[in-house]
Amino acid sequence: MLVSAPEMTTDNQAENTPTSSPTDASVETVRKVYAKDLREKDSVNTVFRVTKKDRVTARSGKVFLSVVLVDKSGEIDARVFDKVEALEPAFAPGDYVLVRGNVIAFHGKVQVVIEALERLDPEPLDPKEFEPPAAPAPVPVEQAPAPKAAAPAREAREERRNEEQAAPKTGGEGHGGARAVGQIREIITERVNDPHVKALLLAFLDDPQIAAGLPHAPAAKGVHHAYRGGLADHLLSVMRLTLRVADHYPMADRDLLLAGAFLHDVMKVAEISPEKGFEYTDEGKLVGHLVMTAQKIREKTLSLPNFPPLLEQHLTHIVLSHHGRLEYGSPKLPVTLEAQIVHALDSLDSRIASWVEAMQRDPNDKWTENLRLYERSLWKGPVPTVRGRAPVEGGGRKKFKEKKPKERPEKAAGEAAPSQRPEKAERQEKQREPRPPREPREQREPREQREPREAREPREPKPPREPVNVPKELTFKPFSVLTAKTEPANKPEGGSDSEG
């Protein structure tokens, strides 16, 4: 959709602009607000030039547009979250657009959330108003400022938030494969600055073969990340490691590191079949993923206009040398900082994942069984520090089989108890309830100051009790006579005379 450009006025022009005539009533006048002047919670209704537009899939699976808007004051990031399908074909990089929306803060930077957008006719507009300022002169490496603490902190938050996707799995299907691909795209879109490198990496992601295979491809047949979706998890993990290392070694180029971390194994989508058994394909056995990736780099760079030949050679070198040694299949040894770092981080991530997976499969408590691949046993018990945790939780099948008989009676007892638990809980709550505080007694006046009591009426005299007939003399029998047995009949009577 192409619409006529509205009249645009700056602050200086607005003061000198005469009142519009009735014939100009159909022309909309838009006040130009520059990118550098936008603040959080501002409403936006102004004109920008688009320099970048990417379609991004978030971790949740929702699709949005990542846009960069520019004018003579600088650039500002923008996002289209709603009506993506309708707005995506309405504009392209290089277009002048009338943007309506609002400003939010994201990771400490202002960002425009686009609600409506119209592509404008560039003729009435002044191109100088939309030329970004010249970039500052590059700072020598020796004088480059130390990286800000905010970047590592942001990456740490991202890593904690997505730890379950980066964690190695013991087998089966990696359900985070598609999600990891979305996170890879997000890192490329947000963190890669070089336009040629970004265009190449996005071209790889959008390649039909890679787009279909990457969410399901394993990273290896059985050594590390050997599950469906494992390749995407491995690439994402190495990319995150390069972000950390790039902050520690600022003399290495971050864009080349991210590109090498993504490209080094990406053509395993065609080298290893994701079907059961993870068998190598014919192309994988005959060519291998290193050469296949180099071929794909040449194919993509030829389709990208003005791609620098030296940049292509550096990227191809990182891929061909990432195994690190000739006997491991690399036709070239690393000769650049970026190639050496990618080789080291790839080796680190694959080795840690392999060890952890071996510990999870092993049934022992402290030491694994001897691993033929590494010719050693690995310690998997708790560490002797205050942390006191083991690298992995639990063990293999034997350990779980021994626990099952012990857990059954506990479960049975636990199922019968719920009927009594509410009563006990009520009793405990009743017992724990604090007694309400007693109300303080009213202070009584001293006895001397009290009013005298009213005189009570005299009680009526009680009637005399009736006399009780009580004998004047009482006769008692000795206890021995009462308890004595009956005497024979020939015994004379009168032997039991009582005392008077």
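Guide: What follows is a short talk about this predicted model and the words used for it.

Visitor: Hello! What does the secondary structure of the protein chain come to?
Guide: It comes to 17 helices and 8 strands. The protein chain has 500 residues, and buried residues make up 37% of them.

Visitor: What makes the crossing of α6 and α12 roughly perpendicular or oblique?
Guide: Helix α6 covers residues 195-206 and helix α12 covers residues 289-303; their axes come within 10 Å and cross at roughly 115°. Angles of 65 to 115 degrees count as roughly perpendicular, so α6 is roughly perpendicular to α12. The crossing is also right-handed.

Visitor: Which residues make that contact?
Guide: From α6 come Leu-200, Ala-203 and Phe-204, while α12 brings Thr-293, Lys-296, Ile-297, Lys-300 and Thr-301. These residues divide into 4 nonpolar, 2 polar and 2 charged.

Visitor: Why is the pair Arg-254 and Asp-247 called a salt bridge?
Guide: Side chains of opposite charge can pair when their charged atoms come close. For Arg-254 and Asp-247 the N to O distance is 2.8 Å. The cut-off is within 4 Å, so this pair counts as a salt bridge.

Visitor: How do you know whether Arg-254 and Asp-247 are buried or partly exposed?
Guide: Buried means under 20% relative accessible area, and partly exposed lies between that and 50%. Arg-254 has a relative accessible area of 23%, so Arg-254 is partly exposed. Asp-247 has 11%, so Asp-247 is buried.

Visitor: And what about Lys-268 and Asp-265: are they buried or exposed?
Guide: Lys-268 has a relative accessible area of 9%, so Lys-268 is buried. Asp-265 is at 3% relative accessibility and therefore counts as buried too. Their side chains meet in a salt bridge, with 3.6 Å from N to O.

Visitor: What makes Asp-54 and Lys-52 a salt bridge?
Guide: Their side chains meet at 3.7 Å, N to O. That value falls within the 4 Å cut-off, so the name salt bridge applies. Both Asp-54 and Lys-52 are buried.

Visitor: How many salt bridges does the structure hold?
Guide: The structure holds 16 salt bridges. Asp-207, Lys-296, Glu-299 and Lys-300 are linked in a network of them.

Note on methods. Residues numbered from 1 in each chain as written. Predicted model: local features only at pLDDT ≥ 70, side-chain atom pairs only at ≥ 80, totals over all residues. Heavy atoms only, no water. Axes fitted to C-alpha atoms, helices over the stretch in contact; angles between N-to-C directions. Helix = DSSP H or I, 4+ residues; strand = E, 2+ residues; numbered from the N terminus. Parallel < 35°, antiparallel > 145°, perpendicular 65-115°, else oblique. Left-handed = near helix turned anticlockwise from the far one by under 90°. Contact = heavy atoms within 4.5 Å. Nonpolar A, V, L, I, M, F, W, Y, C, P; charged D, E, K, R; others polar. Buried < 20%, exposed > 50% of the residue type's maximum accessible area, 1.4 Å probe, protein only.
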